[in-house]
Amino acid sequence: MDMWSINNLKLLDLFLTVVIIELKEFNAMIDKSKFLFWARTRLGDHVEAGPEIKFNSLWREDKGHHLSCNIEGGKKKLKYGVFQCWKSNKKGTIVKLVMDVDKCNFIEALYKLGINEGPRPVEFFEEEIVQPEKELDENLFIFLDMPEGVVHYSKCNTFWKNVAKQYILERCISPDFFYVGIDGRYKGRLVIPYYDKNKNIIYFNGRTVFNSKLRYLGPPKECGVGKSDVIFMYEWFNSNDKIYLCEGEFDAISLNKSNLKGCAVGGKFVSIKQASVLANKRICLAFDNDDAGQSSIETSKKMLEKFGCQVTKVCPPDSIKDWNEFLVKHGPDMVQAYIERAEE
């Protein structure tokens with residue numbers, strides 16, 4: 001064989017080696033179905049625009065889907081994907097996004113996204129749900145203090161008490177449950193406390209009572225807890241209670257005022273941690289009467305069923321957006337009677 005042929009064979013061998021490496025890189029990319037399974041329970045509803053999958057921002061008040069995720073890795077075709085939040089200017093790889101949201105390590109994040117780069121971790125927790133504990137772990141939640149400038153409604157001065165009272169009584173709810181921001185970062189907000197079974201504060205959500213672009217304000221990021229880590233319970237359930245799962249806190253309180261055990265997940269999807277708290281319970285999904293609320297029911301139903309829940313659903317009447325509006329317009333007895341008739 002002459003020298004020219006030998007050189008050509010070497011070039012061909014090099015070319016094939018590069019092709020094989022590129023194919024391996026391609027096969028290691030994010031599995032779209034696994035990413036969407038993960039994202040629906042953490043990021044909520046989405047829209048797709050070509051290779052980009054867009055969600056509402058995790059870090060800012062957002063209804064315009066400003067969190068853009070590209071599982072193909074953008075122009076550079078990065079196998080770990082890329083994301084950018086145009087509201088907060090946060091950006092990075094999708095693997096890093098999963099690590100930050102789920103507080104998991106790198107290998108766990110890879111498997112959540114279907115990227116096979118090593119042995120499966122023994123303790124890994126993905127679509128196949130392990131049998132949950134029957135009793136809540138006492139360390140399941142992080143305990144928080146109310147921020148500076150936030151006081152209980154009963155301790156407000158006359159001005160702030162009247163502001164809060166006017167706002168909440170319009171919703172046919174007693175103000176005695178709430179806190180009020182009278183100074184600092186939460187000034188001008190009705191602060192909704194989240195409690196565990198022992199009345200420890202595990203989260204809070206500040207709803208503006210004035211005109212503000214940022215309607216809700218939760219704990220600072222440094223606290224290490226988000227809405228998907230907790231469940232709002234006006235009154236904690238007993239083992240035999242049927243639980244009516246709502247989107248927002250006011251709706252959950254409205255159902256409690258209607259002699260039903262209401263709770264809220266703070267969004268349109270049930271997270272893995274929330275589902276683990278509700279494991280093996282009778283759950284009725286009672287989401288808002290809008291397209292987003294109704295479209296998320298099936299995803300949440302599947303998540304809860306994986307944790308042994310018996311799941312039904314109920315929706316407000318066509319002319320009513322949510323349960324608090326129903327309570328205001330028709331009263332607690334009508335809410336209870338309607339749900340008992342319409343639940344399926």
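User: Which side chain joins that of N205 in a polar contact, and at what distance?

Analyst: This is a predicted model, and every value here is computed from it. N205 sits in strand β9, residues 201-208. Its side chain makes a polar contact with another side chain. The partner is E249, at 2.9 Å.

User: Is N205 buried or exposed?

Analyst: Start with its surroundings. Beyond its neighbours within four places in sequence, N205 is in contact with L190, V191, I192, Y194, Y216, L217, G218, K227 and E249. The relative accessible area of N205 is 2%, and the cut-off for buried is under 20%, so N205 is buried.

User: Which residues touch the most other members of the largest nonpolar core?

Analyst: In general, nonpolar side chains in soluble globular proteins tend to be buried together. The largest nonpolar core here has 59 residues. A second, separate core has 22 residues, including A39, L67, V98 and I115. In the largest core, the residues touching the most other members are F178, L190, F232, L245, L278 and L304.

User: What does L278 touch, leaving out residues up to four places away in sequence?

Analyst: L278 is one of the residues in the largest core that touch the most other members. With residues up to four places away in sequence left out, the list for L278 is I231, M233, F237, I243, L245, I283, L304 and C309.

User: Which residue of β13 stands opposite L245?

Analyst: Strand β12, residues 242-246, runs parallel to β13, and four bridges join the two. Strand β13 covers residues 261-264. K261 and C263 point one way from β13, while G262 and A264 point the other way. All four of these β13 residues are buried. The residue opposite L245 is C263.

User: What is the bridge partner of F232 in β13?

Analyst: Strand β11, residues 232-233, pairs with β13 in the antiparallel sense, over two bridges. The partner of F232 in β13 is A264.

User: How many disulfides does the structure hold?

Analyst: A disulfide is a covalent bond between the sulfur atoms of two cysteines. C172 has 41% relative accessibility and counts as partly exposed, while C309 has 8% and counts as buried. The number of disulfides is zero.

User: Where is H65, and what is its phi?

Analyst: H65 is found in the loop between β2 (52-55) and β3 (67-70). With a relative accessible area of 16%, H65 falls under the 20% cut-off, so H65 is buried. H65 is not a glycine, yet its phi is positive, at about 55°.

User: Is N280 buried or partly exposed?

Analyst: N280 lies in the loop between α7 (272-277) and β14 (282-285). Its phi is also positive, near 70°, in a residue other than glycine. The relative accessible area of N280 is 39%, between the 20% and 50% cut-offs, so N280 is partly exposed.

Notes. Residues numbered from 1 in each chain as written. Predicted model: local features only at pLDDT ≥ 70, side-chain atom pairs only at ≥ 80, totals over all residues. Heavy atoms only, no water. Core = buried A, V, L, I, M, F, W, Y, C linked by side-chain atoms within 4.5 Å. Buried < 20%, exposed > 50% of the residue type's maximum accessible area, 1.4 Å probe, protein only. Contact = heavy atoms within 4.5 Å. Polar contact = N/O pair within 3.5 Å; in protein donor to acceptor, adjacent residues only side chain to side chain. Disulfide = S-S within 2.5 Å. Pairing = 2+ DSSP bridges.
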